[in-house]
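Me: I'd like to go through the labels used for this model and see what stands behind each one. Could you take my questions in turn?

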Amino acid sequence: MPPSPQSGAETTLPSVTAVPGPRLAIRLDWLGIVPFMLFALLFLLLPTAFLMVGAFQDAQGHFTLAKLGLLLQGNVLDAYLISLEVSAASAIVGAIAGFALAWAVVHGGLPAWIRPSLLTFSGVAANFAGVPLAFAFLCTLGRTGLVTLLLQHYAGIDPYSTGFTLLSFHGLVLTYLYFQIPLMVLIVTPALEGLRKEWREASDSLGGTALHYWIHVALPVLAPSVLGASLLLFANAFGAVATAYALTGSSLNIVTILLYAQIRGDVLHDPNLGYALALGMIVITSLSSAGYLWLSARTQRRRS
Amino acid sequence: MKPASRAGAWLAIALGSLYFLLPLIATFEFSLRMRRESYSLEAYRVVLTDPGFQSAFGYSILMALLTVITSIVLVVPTACWIELRLPRMRPVIEFITLLPLVIPAIIIVFGYLRLYNSSSWLPLTGNERATDLLLICSYVTLSLPYMYRSVHSGLRAIDVRTLTEASESLGAGWFTTLAHVIAPALKSAILSGSFLTFAVVIGEFTMASLLNRPAFGPYLQLIGANRAYEPSALAVIAFLVTWASMGLIQVVSRNAAGAGAKRRLPGA
Amino acid sequence: MAFLDIAHVGKTFGAASVVNDVNLAIEKGEFVTLLGPSGCGKTTLLRMIAGFESASSGSIHIDGHDVTLQRARQRRVGMVFQSYALFPTMTVADNIAYGLKIAREPKSAIAERVEQMMKLIRLSQHAQHYPWQLSGGQQQRVALARALASSPRLLLLDEPLSALDAKIRVALRDEIRALQRKLGITTLFVTHDQEEALSLSDRVVVMNEGRIEQVGTPFEIYNFPRTRFVASFVGTLNILNSRVLDEASGLVEVDGQTVTVARLRRSGHGERTLALRPEAVVLESPLAGRNSLMATIEEVNFLGSVVRLRARLQETVLSFDIFNDPGQTLPQRGSRVALGFSHDNLLELEAS
């Protein structure tokens with residue numbers, strides 16, 4: 001194609017007056033997001049980056065891996081282990097239970113009013129975390145909680161005599177599920193609504209049983225959303241502080257409570273350990289969230 | 001639908017209801033037990049007349065309102081600007097607004113304490129008013145995912161570009177357009193984001209506790225550690241506040257849909 | 001008994017009756033279209049044959065076997081949906097292989113059959129692509145191959161072309177027909193598009209309000225509609241309200257002028273509804289042995305190869321087409337013209 005004379009003229013002979021206009025406009029365009037960027041920098045990005053860099057610096061600002069070595073201490077490793085276990089357990093159970101509930105309202109053939117009711121309640125419960133949630137579970141399954149008393153009185157079972165306590169791994173998971181399940185319901189309901197009834201019919205008319213349909217069609221379609229949502233649930237539980245702190249005080253050794261105590265200076269104050277704990281948490285939550293983002297991008301691409 | 005799978009669905013709903021309603025019932029029942037001889041609202045009376053409750057709850061409401069206002073002022077113009085002038089920055093902004101879901105609050109506040117301590121370049125933790133400001137900023141950060149998503153989907157629904165072009169062709173400036181055309185059209189989206197922010201912030205514990213501010217969250221924790229029946233009454237109150245915020249979101253979005261339908265009627 | 005035999009089939013949802021006492025017999029290898037407006041029950045009838053809905057009454061036999069109570073997966077019936085309904089997580093090849101894998105065919109046989117099907121729809125080079133990487137027309141071809149791969153006894157297509165662009169629609173229409181002839185598979189096709197129905201089918205079944213209005217070849221349906229509904233739904237048609245003057249000669253009165261109808265269906269005097277195809281009408285001076293009506297030109301629409309004219313008698317308005325001829329001047333609006341057509345072209349419709 002021969003070069004157009006017009007474009008040639010523009011590149012070789014720039015007009016003096018034309019240049020400032022567009023450049024100024026471009027600068028003004030960027031000006032529009034400066035307040036937001038400044039805010040994000042000051043109150044989100046810099047503080048986080050400061051900790052991440054700090055984890056690799058000694059008191060003089062030189063590079064060191066010494067702080068990360070602190071993560072290998074017995075009680076720190078234990079804390080990470082328990083945190084990972086609590087998060088994984090509450091994410092997996094929450095994902096399964098949330099999926100079952102969402103499936104029941106979308107494809108279960110239930111009366112129509114149940115779906116909006118469940119979604120509204122899930123919106124409330126997913127945000128009803130923290131200290132009040134801990135209170136609610138203490139009132140339910142604490143030593144004098146209603147369910148504990150009912151079980152003692154009518155079923156003759158004392159949960160506490162079997163070794164159960166709310167201030168434990170199982171108790172914490174059971175409590176976390178109160179916001180994990182609704183979160184799963186909120187995330188996975190749209191995905192379930194995206195399952196088209198024609199897929200089931202196509203599978204049927206090709207000779208497939210319900211099992212064929214679930215294994216070969218429905219589960220592969222839902223897998224990215226379900227896995228992604230589970231990762232989000234995991235990160236959600238891993239970063240939670242208030243519920244666990246209000247429920248167990250410092251008696252359960254999980255990472256967030258360890259870090260909380262570290263910051264408050266309740267225990268022997270070692271700022272280096274704080275940096276290392278923070279870095280470990282950032283790495284773990286970032287990995288699971290990156291997994292979530294990657295999976296949801298995959299889902300969207302397929303839908304388009 | 002086969003009867004077997006419908007029975008399974010009912011079973012799931014029944015078990016779910018049991019798990020979700022029992023703690024609510026138990027908490028309410030517990031909150032009535034303060035007087036040994038009979039059920040009473042004594043716990044509520046004690047809590048509501050406690051000056052500590054009043055000041056902590058009042059402080060948190062004030063912080064929540066300031067957070068909502070700051071969040072709106074920060075997010076709405078930015079989201080509009082991105083939609084109109086800098087669409088290529090959208091992925092970056094979206095990523096930033098998702099970060100508060102990724103980075104735990106305790107990490108963010110730990111960063112603040114390191115970065116803005118009293119001997120730093122910006123000693124925001126130096127005095128109480130400055131710390132209040134820092135607390136509000138931390139809450140705005142927490143609210144970014146909710147507020148931005150809500151406003152963004154609102155903008156998607158109204159075709160902001162055409163509205164702006166129409167307004168500008170009638171001689172309106174950028175600010176007039178934002179205040180008189182876009183903001184009213186976004187009202188329900190902004191209100192939804194605001195109520196959600198309010199619900200998240202009102203009982204927040206981690207930020208307030210570590211910044212050492214006298215908010216509702218730390219107050220709840222303190223009462224929980226020292227009293228028997230008051231915590232359950234407080235939990236009921238907190239649940240009602242969350243429920244009210246979510247209920248208002250429903251009302252707001254239903255009204256928006258209703259008003260839209262009504263507006264369309266004469267043309268149809 | 002015919003290959004596909006539908007006897008007294010009805011479907012009710014609550015109080016609403018969607019399909020009403022339908023009887024239909026389709027021979028092996030036939031291509032039959034169910035044609036009708038949306039809500040006429042054609043899709044429900046198709047879904048009852050596929051086994052997605054159960055019939056409220058009546059019976060369905062395929063190849064001599066009663067399938068009325070069988071599940072969809074037992075019927076060996078291939079189905080193609082309007083929305084393609086390809087499995088999104090499977091490649092083209094895996095989609096086509098799905099039914100064969102379920103039937104536990106040997107691996108080598110599956111590979112061979114998939115290869116053969118992809119050649120048939122000319123998508124061999126896309127074997128490893130996913131549905132979202134294909135155009136709508138390509139996706140529907142894959143859906144067709146998937147339905148045909150396990151050699152079903154019957155192929156059902158539910159408005160398979162409605163979601164496609166006009167150009168692809170015509171191309172795929174011809175492809176479906178060619179494929180059907182090649183495989184000789186008995187096919188039932190649902191559409192609301194009369195052109196599709198007429199161009200594709202051996203026989204057309206026109207449905208309205210849950211009932212069959214008329215069954216016949218495209219030629220019969222178009223040229224000899226029996227009811228006013230069929231006449232107006234299939235093609236554009238002029239409706240003339242007439243009064244019988246002389247039953248023996250077929251002389252009737254339309255808006256004060258007289259015309260002759262070759263065949264009156266019913267005896268007796270009174271009002272009769274007549275139909276007249278636009279393409280039967282020409283501009284000509286009155287001729288012996290032909291009908292002629294004087295009318296005033298109201299509208300002249302130039303459509304390219306043809307010119308569509310609208311002329312008014314008194315109450316009655318007639319549309320008709322003339323070929324575009326650059327050597328001829330078009331009639332002006334308001335001018336008086338004589339419209340000619342043969343006695344055979346006037347069809348009497350059944351009283352509705």
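**Labels and their cut-offs**

Me: Why is Cys139(A) called buried?

Reply: Cys139(A) has a relative accessible area of 5%. Buried means under 20% relative accessible area, exposed means over 50%, and partly exposed lies in between, with a 1.4 Å probe and protein chains only. Therefore Cys139(A) is classed as buried. Before we go on, this is a predicted model, in which local features need pLDDT of at least 70 and side-chain atom pairs count only at pLDDT 80 or more, while totals for chains, interfaces and linings use all residues. Residues are numbered from 1 along each chain as its sequence is written, chains are lettered from A and ligands numbered from 1 in the order in which they are written, and side-chain values use heavy atoms, with hydrogens and water left out.

Me: What makes Cys80(B) buried?

Reply: Its relative accessibility is 0%, so Cys80(B) counts as buried.

Me: Why is α3(B) called roughly perpendicular to α8(B)?

Reply: Helix α3 (residues 51-84) of chain B and helix α8 (residues 174-185) of chain B have axes that cross at roughly 110 degrees and come within 12 Å. That angle makes α3(B) roughly perpendicular to α8(B). Angles under 35 degrees count as roughly parallel, over 145 as roughly antiparallel, 65 to 115 as roughly perpendicular and the rest as oblique. Axes are lines fitted to C-alpha atoms, for helices over the stretch in contact, and angles run from 0 to 180 degrees between N-to-C directions. Helices (H or I, at least four residues) and strands (E, at least two) are DSSP runs, numbered from the N terminus.

Me: Which residues meet where α3(B) and α8(B) touch?

Reply: From α3(B) come Pro77(B), Cys80(B), Trp81(B) and Leu84(B), and they meet Trp174(B), Leu178(B) and Ile182(B) of α8(B). Contact here means heavy atoms within 4.5 Å. The residues of this contact divide into 7 nonpolar, no polar and no charged. Ala, Val, Leu, Ile, Met, Phe, Trp, Tyr, Cys and Pro count as nonpolar, Asp, Glu, Lys and Arg as charged, and the others, Gly among them, as polar.

Me: Phe53(B) also has its place in helix α3 of chain B. What makes Phe53(B) count as buried?

Reply: Phe53(B) has 6% relative accessibility, so it counts as buried. Leaving aside neighbours within four places in sequence, Phe53(B) is in contact with Val47(B), Leu48(B), Gly58(B), Phe216(B), Tyr219(B) and Leu234(B).

Me: Over in chain C, how do you know that β1(C) is mostly covered?

Reply: Of the 10 residues of strand β1 (residues 4-13) of chain C, 7 are buried.

Me: What makes β1(C) and β4(C) a pair?

Reply: Two strands pair if DSSP finds at least two bridges between them. Between β1(C) and strand β4 (residues 57-62) of chain C there are 5 bridges, in the antiparallel sense. Gly10(C) stands opposite Ser57(C), and Leu4(C) has Ile62(C) as its bridge partner. With strand β2 (residues 16-26) of chain C, β1(C) pairs over 7 bridges, again antiparallel; here Ile6(C) stands opposite Leu24(C).

Me: Why are β2 and β5 of chain C called edge strands?

Reply: The open sheet has 4 strands in the order β2-β1-β4-β5 (chain C), with antiparallel pairing. β2 and β5 (65-66) of chain C each pair on one side only, and they are the edge strands. Helix α1 (residues 42-50) of chain C lies across β1, β2 and β4 of chain C, at about 115 degrees to β1(C).

Me: What makes the phi of Glu159(C) and of Glu209(C) worth a look?

Reply: Most residues other than glycine have a negative phi. Glu159(C) has a positive phi near 45 degrees, and Glu209(C) has a positive phi of about 50 degrees. Glu159(C) sits in the loop between β7 (154-158) and α5 (166-183) of chain C, whereas Glu209(C) is in the loop between β9 (203-208) and β10 (211-216) of chain C.

Me: Are those two glutamates buried or exposed?

Reply: Glu159(C) has a relative accessible area of 8%, so it is buried. Glu209(C) has 64%, so it is exposed.
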